[in-house]
Each structure stands twice: as C-alpha cells, then as structure tokens.
Amino acid sequence: MAILKTNDGAKRFAGPLRLGMIGAGFASKFHMENIPAGKAVVVGVTSPRAESREGFAKQYGIEAYASVEEMLPHVDAVDICSPPSSHARYMKLAAQAGVHIIIEKPFHGFFGSPETNTKQQMLEAVHGELAELREVIVGSGVTLGYAENCVYAPSVQKEREVVERTKAQILRMQGEESHSGSHSPVYGIWSVQGGGSLIAKGCHPLTPILYLKRKEGMARLGRPIRPAAVSARTHTITKLPGFEDRGFLRTTYQDTEDYAFLHVVFDDGTVADITASELVLGGIHDYVEVFANNHRTRCHISPVHVADVYSPSKEITKDIYFVEKITTNEGWIPCPGNDNWANGREGELVDIIGAIHEGRVPECDLELAIDTTLALYAGYVSADDLGREVRVPLL
Ligand SMILES: NC(=O)c1ccc[n+]([C@@H]2O[C@H](COP(=O)([O-])OP(=O)(O)OC[C@H]3O[C@@H](n4cnc5c(N)ncnc54)[C@H](O)[C@@H]3O)[C@@H](O)[C@H]2O)c1
C-alpha cells in the first residue's frame, strides 16, 4: 500500500486501509458490517482456534492467519475484537510494528485472580501498565481509536453539539448500560474480562460521560474537565441465597459482580452516576442523561425507537431481526431500524478509520480510554471499602 506523506508529516493512504481483524466472534462480526466502504477493507483475520478463524475467513473471503505476529506485515491497521485479557499485548505488538489500532472496549484491565490480589493492587498494576502502554503507543506515532460505540451514538453526538455551541455547564449526568447477561462463554471470569458489570457494562455510559465533560471543559474553559474521584458499590445479586431463578437472567458468573453503581466527582466538583448490571430484562437498557445549567438532554442509545412494531404472534416475525437482545418477537417491539447507526457502532468506525487516513486524533482516543479504565479500577477499590471515596490516579 502506497503511503503519502503530507506537509505536517501525517501519513495518508492512497487507497483503502488494509485491516486485520483480531478475534472471530460477536464483536468482529458487527465490526465487519460497519467498515466504511472505500475507506478500508478487511484483508485478514486471526483467532486461536483454526476452525473459527478459517470459518470467518471463508465467510468474508479474506486470509486466515495463525497469529497476530503473522498477520501484522500484511495490514495497515488492526481491529482488536478479542477478549479483554489479550488487548494490551496486541496493542503493543501493533504499535511496535507501526500498525494503527482500533480497539474494542474495555480498553485494558487486571487479569489476575480477585482471590489473591486486592483491588488496590489491581489499580496500581493497571496504572503502571497503562503508563507503559501509552508510552509505546504515543512513541510509535500510530493512531489509536478506542471503539466505544456510545461516544458515537447520534444522540450523544447531538448533545456534544448542544454543549459546545451553547457553552453549557453540565451539573450532573446519569447513565446506564444493563441487560440480562452477556452471550460470551468467557464472560463472568475475572481473569479474562478484568471484572464484571462495572468494567464490562459500566464502561459504556462512563466513556461518553467523560467525553461530554471533556468537550464542555474545552468549550468553556479551554481545558478538559476530568474525573477526580469515585465511589462505587458492587453486588452479586444472582448469587444471593434467596435469589429465585426463573430462567430469564444469566446466572453463570464465576468470580465477578452482576450489579455496579459508580458515582464520579469531576475536577470542577460536578457529578455523574452510573448503573451497570446483568439484571435487566427487555433488551439492552442504555442511555446517558445530561442535566445542564441551560438545557437537559436524554441521549437514547439502546433501544432507539424509530419504529414500534406490534406482532400479535412470534410466528409472524420470527425470522426478522429488530433489536439486540430482545428474546421474543411478540407484542410491541422497539425497533431502531438500523441499531448499528443508533448505538454508534457505525459512527465509531467511520471516525476512527477517517482519523487513521487523515493522521488526526479520533473523537474517542487513547486518553479517554485511559481515564475510563482508571476511573473503573478506582471504583473497584472503593467498592471493596463499601463506597469510600477514592481519588482517580490519572496519568
Ligand atoms: N461494543 C460493544 O457493544 C461490544 C459488544 C460485545 C463485545 N464487545 C467487546 O468485544 C471483545 C470481544 O467480545 P465478543 O463478544 O466478540 O467475544 P466472543 O467470545 O464472541 O469472541 C471473541 C473472539 O476472540 C477469539 N479469541 C479468544 N482469545 C483470543 C486471543 N488470545 N487472541 C485472539 N483472539 C482470541 C475467540 O476465538 C473469538 O473468536 C471484548 O473486548 C468485548 O468486551 C463489545
């Protein structure tokens, strides 16, 4: 692939970016659906099981590679959609090879045992690893886009415009991501996921909340407003002796929580409250609400009602996809039309791939990914002490 150098030294690609997919599961599939045509083309995939990477390669007519190391020389950017415990290693390998990075949430975490490590040890380890990772990535000059789709939800982007153009002061925010439990067989295992609901689901509303305060700070004060301290509680409700399992909620959590609440205090004293859980029926429940000094906005992320479809029998609509994680197509069904558009999965790849082409920083960048991760692990330290306020040790 020919690379043109612009006057400012930024790399621009003469044609579509050659992308290498890491992972061949759920997230890789929705990333494939959202690659902007003409701007990028996925040329290869890697994942540990030969059967799964070859099946994926065959489905999309691309090359299967046995390892990331084998794939790197053939691509301009990697799209990391593998389990969280593998993210840091792949980001480092890519940066060292001069390959740009698209990285799924959660950015990074602590993947040792929660039995033998305190939450404070986890926070310190993650802090050190993030500092090292940041040095490698920034030093390499590659572009990193943190694929937090909620930042790119059209509703959040509209709110960004309102905040910037009216120089609003955001006084408090509230956000949630919950549903009835992840489909992934390795969800609920701390050593693979780096935690439970707090990190895996709480990251979704937290990043757009941090993003909006950053935008407010830049518009009003000429500096980003960042998280200063957090208080959190975590619980495992489905493991309570009195929990009555009616079969609608996932319950197989090895050593992670299924409910979390995070209170964030920003460096200007304003606040945000985030709920994340595996205890909610009725599809994905995902929103951010902003209470400002001059307006109030409820950002619908999922579901987004573009159409409400009523089906008197599930037989009528059984083969039609309406919205993620609604388990029955009967009765009233909230339908976003295209949920990749509504929840930001389309917008994230357009922006990040555009940023790689143009040599600019994407809207959801490395710094936002790092602040999110540190706020979440400070949250775990707080939850261990039943909600004591803990300072977020920003880099
Ligand atoms: N943004 C979102 O809404 C969203 C939704 C789901 C998942 N995710 C994120 O996407 C990532 C993958 O989740 P998923 O749901 O697709 O999981 P999944 O289990 O469906 O797929 C994971 C894939 O990665 C492969 N894999 C496992 N270990 C690997 C390794 N060490 N190196 C390379 N590949 C490996 C697996 O074989 C599988 O193909 C996670 O970080 C998850 O948090 C994001």
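Me: Which residues touch the most other members of the largest nonpolar core?

Reply: This is a predicted model, in which local features need pLDDT of at least 70 and side-chain atom pairs count only at pLDDT 80 or more, while totals for chains, interfaces and linings use all residues. Residues are numbered from 1 along each chain as its sequence is written. A nonpolar core is a set of buried Ala, Val, Leu, Ile, Met, Phe, Trp, Tyr and Cys residues joined through C-beta atoms within 7 Å, where buried means that 20 or more other C-beta atoms, placed from the backbone, lie within 10 Å of a residue's own, exposed means 12 or fewer, and partly exposed falls in between. In the largest core, which has 104 residues, the ones that touch the most other members are Val78, Met91, Ile101 and Tyr377.

Me: Which element gives the most residues to this core?

Reply: The elements are DSSP runs numbered from the N terminus, with helices (H or I) of at least four residues and strands (E) of at least two. Twelve residues of this core belong to the element that gives the most, which is α13.

Me: From which domains does this core draw at least three residues each?

Reply: Domain bounds come from an automatic or database domain assignment, and the chain is divided here into a part covering 3–147 and a part covering 157–391. This core takes at least three residues from each of these parts, namely domain 1 and domain 2.

Me: Which residues does methionine 91 touch, not counting those up to four places away in sequence?

Reply: Two residues are in contact if their C-beta atoms, placed from the backbone, lie within 7 Å. In soluble globular proteins, nonpolar side chains tend to be buried together. With residues up to four places away in sequence left out, methionine 91 touches Ile80, Ile101, Ile103, Leu133 and Ile137.

Me: Which element gives the most to the side of domain 1 that touches domain 2?

Reply: Contacts between the two domains involve 45 residues of domain 1 and 42 residues of domain 2. On the side of domain 1 that touches domain 2, at least two residues come from each of β2 (11–13), α1 (26–33), β7 (100–104), α5 (119–140) and β8 (144–147). Nine residues come from the element that gives the most to this side, α5.

Me: How many residues of that side of domain 1 are nonpolar?

Reply: Ala, Val, Leu, Ile, Met, Phe, Trp, Tyr, Cys and Pro count as nonpolar, Asp, Glu, Lys and Arg as charged, and the others, Gly among them, as polar. On the side of domain 1 that touches domain 2, 13 residues are polar and seven are charged, while the number of nonpolar ones is 25.

Me: What is the radius of gyration of the protein chain?

Reply: The radius of gyration is taken over C-alpha atoms, and the globule rule is 2.2 Å times the number of residues to the power 0.38. Because that rule puts a compact globule of 395 residues near 21 Å, the chain agrees with it at 21 Å.

Me: How far apart are the C-alpha atoms of arginine 360 and threonine 143?

Reply: Arginine 360 is found in the loop between α12 (345–358) and α13 (366–384), and it counts as partly exposed because it has 14 C-beta neighbours inside 10 Å. Although arginine 360 and threonine 143 are 217 residues apart along the chain, the separation of their C-alpha atoms is 7.5 Å.

Me: What is omega of the cis peptide bond that joins serine 302 and proline 303?

Reply: Proline 303 is found in the loop between β14 (296–302) and β15 (307–311). Another cis peptide bond joins lysine 105 and proline 106, with omega of about -15°, and proline 106 has its place in the loop between β7 and α5. For the bond that joins serine 302 and proline 303, omega is about 0°.

Me: Is lysine 167 buried or exposed?

Reply: Lysine 167 lies in the loop between α6 (154–166) and β9 (170–178), and its phi is positive, about 50°, although it is not a glycine. Because lysine 167 has 12 C-beta neighbours inside 10 Å, it counts as exposed.
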